[in-house]
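Dear colleague,

Please find below the structure that I am handing over to you, with its sequence. My findings follow directly after it.

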Amino acid sequence: MPIKLSKRQLEILEIVKEAGPITGREIAEKLSLTRATLRPDLAILTMAGSLEAKPRVGYFFNPQSEVRQSAANLAKQIVNNYKAHPIVVQKSASVYDAIVQIFLEDVGTLYAVDKDGLLAGVISRKDLLRAAIGNNNLEELPVSVIMTRMPNIVTVKYDESLLDAAKKLIHNHIDSLPVVREVDKEKDMYEVIGRITKTTITRAYVELLEI
Ligand code: ADP
C-alpha cells in the first residue's frame with residue numbers, strides 16, 4: 001500500500017535524487033538538521049523502498065519505487081473516472097442489427113437492455129459469430145436468445161476501484177464489464193452507465209507511464 005510521505009521526507013527524496021549517492025550526514029547538512037533528527041525519516045524511506053542504503057557509500061534513490069507508488073495510486077482510482085460510454089441494444093433487436101452495431105460503434109461487446117432500459121444481457125463478438133454459423137436468418141433471431149443474461153453478468157459498480165475491475169476481467173476471462181448503478185439488487189435490476197474494457201485498463205496504464 002502506498003504511504004503518504006511528509007514534507008520533510010519528500011525533501012529528502014529530492015535531495016537524494018539530485019545528489020545521490022549521499023550520506024545521511026550530508027543530507028542533514030543540506031536541511032540544516034541533525035542526523036539524529038533525520039534518522040526516523042531515512043528509516044521510513046528505506047523501508048518503503050524509495051531509498052536504498054549502502055554502507056560507507058550512502059543513500060541512493062530507487063526509481064522503481066515511484067512507478068510502484070503511481071501503479072498503486074492508479075489501482076485505487078475509481079471506475080467512474082475511467083469508464084467509456086456503453087453501447088447498448090434492445091434485447092429484442094436482431095442478431096443482424098447487433099452485428100451492424102458492433103461494426104458501426106467499433107466495439108467488441110454490446111449490452112442488451114430491456115424496455116425499461118435495465119441491463120438484460122451481454123453480447124460478445126464470439127456470441128455473434130456462433131449465432132452466425134449455420135444460421136441464415138439473422139434478421140429474425142433476437143439477441144436475447146444468444147446473449148449471456150442476468151444473473152450471470154459480471155458487473156462493476158461506478159465507485160469500485162480500477163484494480164477490482166481489472167481483477168474481474170482477468171478472473172472471469174472476459175473483455176468487458178458493464179458499469180452499473182443499482183436499481184434493485186434483490187431483483188437484479190441495474191442501470192448501465194458505462195463500460196470498462198481491457199482497453200480501458202491498458203490505456204490507464206499507458207497514461208501512467210507517460211507522465
Ligand atoms: P469474445 O467472446 O469476443 O472473446 P469475451 O471474452 O468478453 O469476448 O466473452 C466471452 C463470453 O463471456 C461470451 O459468451 C460473453 O457473452 C460472455 N461475457 C462477456 N462479458 C461478460 C460479462 N461482463 N459478464 C458475463 N459474461 C460475459
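At roughly what angle do the axes of helix 8 and helix 9 cross? Please bear in mind that this is a predicted model. Helix 8 covers residues 162-171 and helix 9 covers residues 198-210. Their axes cross at roughly 135 degrees and come within 10 Å. An angle of 65 to 115 degrees would count as roughly perpendicular and one over 145 as roughly antiparallel; helix 8 and helix 9 are therefore oblique to each other. The handedness of their crossing is left-handed.

Which residues make this contact? Helix 8 contributes Leu162, Ala166 and Leu169, while Lys198, Ile201 and Ala204 come from helix 9. Sorted by class, five of the residues in the contact of helix 8 with helix 9 are nonpolar, one is charged and none is polar.

The other finding concerns the second largest pocket, which holds about 390 Å³ of space. Its lining consists of 17 residues, and those closest to the centre of the pocket are Val122, Ser124, His173, Ile174 and Asp175. Which elements give two or more residues to this lining? They are strand 5 (119-124), helix 6 (125-132) and strand 8 (176-184). Helix 6 gives the most, with four residues. By class, the lining of the second largest pocket has seven polar, five nonpolar and five charged residues.

With kind regards

Terms used:
Residues are numbered from 1 along each chain as its sequence is written. This is a predicted model: local features need pLDDT of at least 70, side-chain atom pairs count only at pLDDT 80 or more; totals for chains, interfaces and linings use all residues. Side-chain values use heavy atoms; hydrogens and water are left out. Axes are lines fitted to C-alpha atoms, for helices over the stretch in contact, and angles run from 0 to 180 degrees between N-to-C directions. Angles under 35 degrees count as roughly parallel, over 145 as roughly antiparallel, 65 to 115 as roughly perpendicular and the rest as oblique. A crossing is left-handed if the near helix is turned anticlockwise from the far one by less than a right angle, and right-handed if clockwise. Contact means heavy atoms within 4.5 Å. Ala, Val, Leu, Ile, Met, Phe, Trp, Tyr, Cys and Pro count as nonpolar, Asp, Glu, Lys and Arg as charged, and the others, Gly among them, as polar. On a 1 Å grid over the protein atoms alone, a cavity is a set of points where a 1.4 Å probe fits but cannot get out, and a pocket is an open set with protein on both sides within 12 Å along at least five of seven lines; lining residues have an atom within 4 Å of a point. Grid points are joined across faces, edges and corners, and a volume is the space filled by probe spheres set on the points.
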